[in-house]
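Good morning, and thank you for joining this group meeting.

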Amino acid sequence: MATDSRVRKRVARIAAGVATSHVPAIGAALDNGKSNDAYWAPLFKGYEFSKRWIDANRPDVVLLVFNDHATAFSLDFIPTFAIGCAERFQPADEGWGPRPVPVVEGHPELAAHVAQSVIQADFDLTIVNKMDVDHGLTVPLSLMFGQPAAWPCRVIPIAVNVVQYPPPSGNRCYQLGKALRAAVESFDENLNVQVWGTGGMSHQLQGPRAGLINKEFDRQFLERMVSDPEALARLPHVDYMREAGSEGIELVMWLAMRGALDTRVRETYRFYHVPASNTAVGHQILENLAR
Ligand code: DHB
Ligand code: FE
């Protein structure tokens with residue numbers, strides 16, 4: 001009975017977070033049947049555990065924190081944080097035609113609730129009702145789910161500006177994660193929600209330091225995601241630039257995922273691989289201890 005205080009209200013919950021790089025060449029390798037090539041096989045092998053894990057821990061909805069790479073947003077218009085509230089999101093044409101992957105189905109009801117909850121908790125989100133999604137969003141889906149005829153869950157895109165200076169701080173992203181969690185946990189439907197943080201790890205695509213990879217920085221980042229997220233969240237953006245390269249700043253999006261979990265978590269899986277294209281690939285699955 002709904003009026004019986006002994007009956008626990010069934011609300012949405014966040015049990016786990018996933019972090020992964022989103023290198024576009026990974027999508028191209030999959031789409032063009034190259035995943036067994038010598039260059040790519042070790043990378044895809046690193047996601048075999050994750051595919052089994054997500055099969056057993058299937059989310060109803062993923063809040064997918066990613067960055068748009070001047071695909072949906074041009075330099076005319078750059079929201080720091082945006083939430084996709086549409087019914088569906090088309091894979092974008094990034095210059096070689098859209099990836100041959102399923103349309104991404106959104107969850108407008110939960111997205112509207114998250115927008116209301118997060119904005120009224122003093123955290124401005126730009127509401128986006130139409131948006132194509134680029135490799136930042138579709139490559140993580142491919143890595144976790146492979147090549148299905150339809151994506152097996154709904155996805156709410158949460159876009160973070162890490163393309164045009166100034167990006168939000170790691171701490172702001174970490175606090176966004178906390179606000180996302182409060183929003184999910186006040187949604188009156190029994191849903192298993194995951195938060196994914198994407199991008200990184202160390203990489204620089206342009207300028208004299210193009211090709212930069214910093215394994216020691218990446219290793220420490222992975223470690224501190226588990227053991228010391230509060231301190232990791234205080235890392236200033238210049239440290240990302242200096243240590244992890246200009247595109248290493250994408251790692252602040254991992255902190256949005258981390259902020260949505262408990263302070264103490266179980267590290268279910270970690271994978272690190274160098275290189276994929278120009279990028280150090282990192283991947284982590286974290287789970288709350290109490291479920
Ligand atoms: C590469 C990595 C990225 O994160 C990206 O957005 C584009 C390209 C790369 O390594 O090639
Ligand atoms: Fe990127």
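Pro 166 lies in the loop between strand 7 (154–160) and helix 6. Helices (H or I, at least four residues) and strands (E, at least two) are DSSP runs numbered from the N terminus. This is a predicted model, in which local features need pLDDT of at least 70 and side-chain atom pairs count only at pLDDT 80 or more, while totals for chains, interfaces and linings use all residues. Residues are numbered from 1 along each chain as its sequence is written, chains are lettered from A and ligands numbered from 1 in the order in which they are written, and side-chain values use heavy atoms, with hydrogens and water left out.

To return to the proline, a cis peptide bond joins Tyr 165 and Pro 166, with omega at about 5°. Another cis peptide bond joins Val 274 and Pro 275, and there omega is about -15°. Pro 275 lies in strand 9, which covers residues 265–276.

His 69 counts as partly exposed because its relative accessibility is 24%. Glu 250, at 4% relative accessibility, counts as buried.

Ala 70 has its place in the loop between strand 2 and strand 3. Its phi is near 55°, a positive value in a residue other than glycine. With 53% relative accessibility, Ala 70 counts as exposed. Asp 122 also has a positive phi, of about 70°, although it is not a glycine. Asp 122 is found in the loop between helix 4 and strand 6 (126–128), and at 64% relative accessibility it counts as exposed.

I now come to a residue in strand 2, namely Phe 66. Phe 66 is buried, with a relative accessible area of 0%. Leaving aside neighbours within four places in sequence, Phe 66 is in contact (heavy atoms within 4.5 Å) with residues including Met 131, Val 133, Leu 137, Ile 158 and Met 253.

Cys 85 is placed in the loop between strand 3 and strand 4 (88–89). At 13% relative accessibility, Cys 85 counts as buried. The C-alpha atoms of Cys 85 and His 107 are separated by 7.1 Å, and these residues are 22 residues apart along the chain. With neighbours within four places in sequence left aside, Cys 85 is in contact with Pro 108, Ala 111, Ile 127, Val 128 and Asn 129.

Finally, the helices. How do helix 7 and helix 10 pack? Helix 7 (residues 215–227) and helix 10 (residues 252–259) pack at an angle of about 20°, with their axes 11 Å apart. Axes are lines fitted to C-alpha atoms, for helices over the stretch in contact, and angles run from 0 to 180 degrees between N-to-C directions. Helix 7 and helix 10 are therefore roughly parallel to each other; angles under 35 degrees count as roughly parallel, over 145 as roughly antiparallel, 65 to 115 as roughly perpendicular and the rest as oblique. Phe 221, Leu 222, Met 225 and Val 226 in helix 7 meet Trp 254, Leu 255, Met 257 and Arg 258 in helix 10.

The axes of helix 4 (residues 108–120) and helix 6 (residues 170–184) come within 9 Å and cross at roughly 125°. That makes helix 4 oblique to helix 6. In this contact, His 113, Val 114, Ser 117 and Val 118 of helix 4 take part with Leu 176, Ala 179, Leu 180, Ala 182 and Ala 183 of helix 6.

Methods: Buried < 20%, exposed > 50% of the residue type's maximum accessible area, 1.4 Å probe, protein only.
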